[in-house]
Structure formats: structure tokens, C-alpha cells
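Reader: Hi! I'm new to reading protein structures. Could you walk me through this one?

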Amino acid sequence: MPTAVAGPEIERLIQLLARLPGLGPRSARRAALHLIKKRDLLMAPLAAALQSAMEKIAICRICGNLDTQNPCAVCSDPRRDPSIIIVVADVADLWALERAHAVDARYHVLGGTLSPLDGVGPEDLSIEALITRAHAPEVKEVILALNATVDGQTTAHYITDLLAGAGVKATGLAHGVPVGGELDYLDEGTLTAAIRSRTPF
Ligand code: ZN
């Protein structure tokens, strides 16, 4: 059992930081020390930002995104194409697609993927709300931007079946060679998927 090198307040800060994704105990210790050294420049503004985010963060009542406004900034943006809904498993996926500026559409966050092994069924996800949204006359396409895993693809197929009567086109993400990728480094599954979904040149 290692002995504590700092008072309880600092040890508590390190313990909490260590729970963040990507930070182990060592990086948490380093981050805590950095915050303490920069307490005026960084620690105080961070504490204030955490406090105000805590007070204002809400789950968007339309799409399930997390934001400080409800409906979220994406749903409130009138320049978005209302004919496309991009379905994602998690808010992190929504934010990743937004960072890529890939498409100016609306989103729908499922809150996970179907996983019988983990006991996640359709009623645990925001699927019913998605189907209702997809029936709106302005919606023409639903893009299932789910992980290329068994659970992700099972979920995509399940939703595609439910969308049958909605009069929308259901599409999925392409699988294949990543941009800048070298064939020699790809796994067999990715290479096979890339060959199968080849496109005219
Ligand atoms: Zn929203």
C-alpha cells in the first residue's frame, strides 16, 4: 500500500482525475500537479466551468445529444438538412462526426447498441423515438452510423426492419480502407469488406 504524498484534498483530486478515460493513476497525479501549479490560470477557470456545466447540461429532448441548451445546438440550427437523420450509438460518436464536418444533418443518439449478452434490449435504447422521427414527412434518409461490430451491425439491421414502413432510405457507413491507410497494415476483415464494397473508379 503506497503512502499518500499529499493531503486528503489533493489525494481526492488525484483519485477523481484517475477515473477519467485515458488517465491512469500516474497521469492523474501529473494532471493534478499541473492544475495545482496553474491554479489561477487553469484550476479556478476549470472549477467554474465544471460548476456551470453541471448546472446547465441537459439531454436534448429531440435527439439525445448532451448540451447546455434544450433542444441542443444541432437541433436548433435552422441551416441543417432536415431530410437526413444520422443514427449514432453514443454522444461521443455524434461529436466525432461533427468534428469531421462530414454532413450538415440532424442526429439521433440511441444510448448504446443492442447486446443480448449484456442484457441490452430495444426498450433500453431510444429506438421508438427514432422511428417516430423517421415518419416525419421531411425525413428522406436515415444513416445508421454505428460501429462495425456484431452489436453495431445487429442494431443497424434491427432498425432498418422497423423503418420499412416509414418511407425513408436506410443507409449504413462504408467499410474499407481508411483514408491514408496502407493495404499491407490492414486486417483481413477490413480488406475483405473493402473488396466487397468496391466502387467504380
Ligand atoms: Zn438535439
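Author: Happy to! One term before we start: two residues are in contact when they have heavy atoms within 4.5 Å. Also keep in mind that this is a predicted model.

Reader: Got it. So which residues of H2 meet H3?

Author: On the H2 side they are His34, Leu35, Ile36 and Lys37, and they meet Arg39, Leu42, Met43 and Leu46 in H3. Sorted by class, that contact has five nonpolar, one polar and two charged residues.

Reader: And at what angle do H2 and H3 pack?

Author: The angle is about 110°, and the axes of H2 and H3 (residues 39-56) are 6 Å apart. Angles of 65 to 115 degrees count as roughly perpendicular, so H2 is roughly perpendicular to H3.

Reader: Nice. What about H1 and H2, how do their axes cross?

Author: The axes of H1 (residues 8-17) and H2 (residues 25-37) come within 8 Å and cross at roughly 125°. H1 and H2 are therefore oblique to each other. The crossing of H1 past H2 is right-handed.

Reader: Which residues meet there?

Author: From H1 you have Ile10, Glu11, Leu13, Ile14 and Leu17. Their partners in H2 are Pro25, Ala28, Arg29, Ala31, Ala32, Leu35 and Ile36. The contact of H1 with H2 has ten nonpolar residues, two charged and no polar ones.

Reader: Switching topic: which residues are the protein donors of the zinc ion?

Author: Four cysteines, each through its SG atom: Cys60, Cys63, Cys72 and Cys75, lying 2.3 Å from the zinc ion. Along the chain, these donors follow the spacing C-x2-C-x8-C-x2-C.

Reader: Where do Cys60 and Cys72 sit?

Author: Cys60 is in the loop between strand E1 (58-59) and strand E2 (66-67), while Cys72 is in the loop between E2 and helix H4 (73-76). The two are twelve residues apart, and the pair links distant parts of the chain.

Reader: And what geometry does the zinc site have?

Author: The site is tetrahedral, with angles of 105 to 114° among the four donor atoms.

Reader: Last one! How do H6 and H7 cross?

Author: Helix H6 (residues 127-134) and helix H7 (residues 150-162) have axes that come within 10 Å and cross at roughly 45°. That makes H6 oblique to H7. Their crossing is right-handed.

Reader: What do they use to touch each other?

Author: Ile127, Leu130 and Ile131 in H6 meet Tyr158, Ile159 and Leu162 in H7. By class, this contact of H6 with H7 has six nonpolar residues, no polar and no charged.

Notes. Residues are numbered from 1 along each chain as its sequence is written. This is a predicted model: local features need pLDDT of at least 70, side-chain atom pairs count only at pLDDT 80 or more; totals for chains, interfaces and linings use all residues. Side-chain values use heavy atoms; hydrogens and water are left out. Axes are lines fitted to C-alpha atoms, for helices over the stretch in contact, and angles run from 0 to 180 degrees between N-to-C directions. Helices (H or I, at least four residues) and strands (E, at least two) are DSSP runs, numbered from the N terminus. Angles under 35 degrees count as roughly parallel, over 145 as roughly antiparallel, 65 to 115 as roughly perpendicular and the rest as oblique. A crossing is left-handed if the near helix is turned anticlockwise from the far one by less than a right angle, and right-handed if clockwise. Ala, Val, Leu, Ile, Met, Phe, Trp, Tyr, Cys and Pro count as nonpolar, Asp, Glu, Lys and Arg as charged, and the others, Gly among them, as polar. Donors are N, O and S atoms within 2.8 Å of the metal (3.2 Å for Na, K and Ca); water is not among the atoms, so sites may look incomplete. Four donors count as tetrahedral if all angles lie between 85 and 135 degrees; four count as square planar and six as octahedral if opposite donors are over 155 degrees apart and all others between 65 and 115; anything else is irregular.
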